[in-house]
Each structure stands twice: as structure tokens, then as C-alpha cells.
Amino acid sequence: MAYAAFRSIGAYAPANILTNEDLSIMVNTTDEWITKRTGIKERRIAQKDETTSDMGVEAAKKAIERSGIAKEDIDMVVCATISPDYFCMPSTATIISTKLGLGNVTAFDISAACTGFVYILSIAKAFIESGMKKNVLIIGAEKLSAITDYSDRGTCILFGDGAGAAIISATDNKDEAIIDVHTGADGAYADLLMTPNGGSGSVHDSLDQEASSCFMQMKGNETFKVAVRTLTKDVVEILKENDIESESIKHFVPHQANYRIIKAVGDALKLKEEQVVLTVAKYGNTSGASIPMAINDIYEQGTLKSGELMLLDAFGGGLTWGSALVPFSPLK
Ligand code: UT7
């Protein structure tokens, strides 16, 4: 049987920085409030003409180069995004694949909001273990600034833009393999976090400018409580099912939504500070891009070494959630 190995990571963050001070001019908020309630200090914002696929391409180029795998050998591209280049079609994955010159390989997007990267990891793992694909490029890419309402202080302080990508490859060495991926969802909580307009569920009669605006809306405080409960339950279960103690986790890489959520889950698992990867202060919440951007951070700092075990943990609109036990298994 083939196993799936996490070979490489890459990420891209736009240069333009939006600080808490900048936001305090735009809406009724302060740096103090945002820092205290979220841990966020700044986030990156893409250029007007910079698309989700442009950012995904930059992240993917790095992941491919670092993987040591020829781009001709990539046989599938999956992109997790809630801010695609185009509403409905074409998928952002097909655009990324073509911009990278990957040929006519399978390419599609999935929608699992902030859990997107864990979902595409599970898809890559399943395709590889079934023998259908050998080298899968997975990308979490978001231009959330395009769907953020910058007059709503409850959401605009949270979100930023960016992309992260990884190469997942077949191996027959079980020691290199992704150990487990959990994914779950509950549509009963759909209204906590949504883009209510523009789709077939929209209350508007036509796709006029107002109706098709896809701004995110969130019941922040309720989402916060469900997030802490769900994230903690999921990581406790994945560790227990795989008979792994939390001390064996070298890097806990949670979705970067809010420092207080991350702290609550880390404390529940009795994780030490040095085990917890944090990028929320500098990138804010980049939804499906947040976990791969955080993994890229520890890779570029030189603190992610071959063979080290990562625990990924995510939660987002849908509601969706997921976790994964992933050894870092580069070829070179
Ligand atoms: O990534 C996917 C999942 N998303 C999340 O996990 C996000 C989860 N939610 C959160 O991170 C937090 O709920 C927020 C950061 C969004 C909000 O923090 P909170 O501590 O839950 O605040 P709250 O919504 O309960 O609001 C408390 C007060 C309210 O004022 P009143 O009614 O007490 O007078 C809000 O109007 O804070 C007010 N408020 C603000 N004040 C200054 C809300 N946003 C702001 C703001 N600046 N930006």
C-alpha cells in the first residue's frame, strides 16, 4: 500500500500591511481592543489586481522547488479557498495549474473555509493511498480583503490575505507517512459564519451589485465558544485514537483565528509555549491559508526539521473542523 508523505511547504504574503492603527481610522476600534481580544497586530492585503490564484502560484512555486519533485510529476492540484478568482467557475486550482504550466492534470477547489487546508490534506492522502495519484499539490489561498466589509468592526479587524502550499507524495516508507487526518462538519451552525448574498440561497431576486456582494458576516462570540469546544475535542480525540501523547508533538499548528482560542486549546492539551506556532499577530486570520502560512514560517525560521511531528487543528465556516498528525518528511 502507498502512504502519503508531507514533502514540502511554501507560502506567500502580500507586501502591503494593514495595521490596527490603520483600522482605527476606518472603524470605531482601537489597537488596544484588537490586541487584547484577538492577538492580531497587523495583516497583509493584496494589491487590487492581485488575485487569489496569483498568491497561490507564488506559494506553490516555493513548495514545488523545495520538494525536489519535478513539476511534470505533479498529477493533481487542489485549492482550498472561500475567495476564489471567480464566483463558481473556473476553479482557482485550474488557473493556478495553468499558470504553473502543470499540463492537463486534475484540478479542483474545495470550500471548507478555515478548515480548508486540513480538508485538502485528507483529499491528497486518500488519492495517494488509493493509488490514483502520486504527487499532489495542495494550496490554501485567500484574498479575504475582497469579501470583507470594511465598515463592520466585528469582522474587518480579523482577516487578511495570503497563500500557502504543500506537496504531498506517495511513499512506501510508513515512518514518513501522514498518520491521520480528521474532518467533520455541522451545517446546523451554518448561520454563525457566512456570506449570505450572491448564491442560490440569497434572499435577493437578482444578482445585482448589492445582491452579489459576498461580504462575510459572523456571529463572533458564538463562533468563538463553539471553536474552543470543537477544536479541543477534536485534537484530544486524534491524539487518543493514535495513542500519541501531547509531549510528542513538536509543533502544534492551529488555525490562526484568535490568540485566545489558540491559548485555550493549547492549555487544554497542556502544551508548552514552544510547541505552539503563532502567526496570528502578523497575518491575522487568512482562513484556508493560515495553517500552511504558519508551517512555512517555522520552516523558514529553520525550526521545522525532517521527521518532526506536527499537529494541525482547524475550525471554520460551515461549520467545519479538522485535525491532522503530520510528520515533516522532505526528500532532501
Ligand atoms: O476563522 C473562523 C472562525 N472564526 C473565529 O473563530 C472567530 C471567533 N470570534 C472571535 O474571535 C471573537 O468573538 C471576536 C474577536 C470577533 C470578538 O471578540 P469578543 O470578545 O467575542 O467580543 P464580542 O463580540 O462579545 O463583543 C464585545 C463588545 C461589544 O460591545 P458591547 O455590546 O459589549 O458594548 C462589541 O460591539 O466589543 C464590541 N466590539 C468591538 N469594540 C471595539 C466588537 N468588535 C469590536 C472592535 N473594536 N473591533
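Me: Which residue of strand 5 is the bridge partner of Cys79?

Reply: The model is a predicted one. Strand 4 (residues 76–80) and strand 5 (residues 106–110) run parallel and are joined by five bridges. Within strand 5, the residue bridged to Cys79 is Asp109.

Me: Which helix makes a right-handed β-α-β unit with strand 4 and strand 5?

Reply: Strand 4 and strand 5 run parallel. The right-handed unit consists of these two strands and a helix of residues 92–100, namely helix 4.

Me: Which strands stand at the edges of the open sheet of five strands?

Reply: The open sheet has mixed pairing and the order 1-7-6-4-5.

Me: Which residue of strand 7 does Ile9 stand opposite?

Reply: Strand 1 pairs with strand 7 in the antiparallel sense, over nine bridges. The residue of strand 7 opposite Ile9 is Ala166.

Me: Which element gives the largest share of the largest nonpolar core?

Reply: The largest nonpolar core has 34 residues, and those touching the most other members include Phe6, Leu121 and Ile295. Among the elements giving two or more residues to this core are strand 1, helix 5 and helix 10. The largest share, seven residues, comes from helix 5.

Me: At about what angle does helix 10 run to strand 1?

Reply: Ile295 is in contact with Phe6 and Ile9, among others. Helix 10 (290–301) is one of the elements that give two or more residues to the core. This helix lies across strand 1 and strand 7, and its angle to strand 1 is about 85 degrees.

Key
Residues numbered from 1 in each chain as written. Predicted model: local features only at pLDDT ≥ 70, side-chain atom pairs only at ≥ 80, totals over all residues. Heavy atoms only, no water. Pairing = 2+ DSSP bridges. Helix = DSSP H or I, 4+ residues; strand = E, 2+ residues; numbered from the N terminus. Right-handed = clockwise from strand over helix to strand, strands pointing away. Core = buried A, V, L, I, M, F, W, Y, C linked by side-chain atoms within 4.5 Å. Buried < 20%, exposed > 50% of the residue type's maximum accessible area, 1.4 Å probe, protein only. Contact = heavy atoms within 4.5 Å. Axes fitted to C-alpha atoms, helices over the stretch in contact; angles between N-to-C directions. Lists of a residue's contacts leave out its neighbours within four places in sequence.
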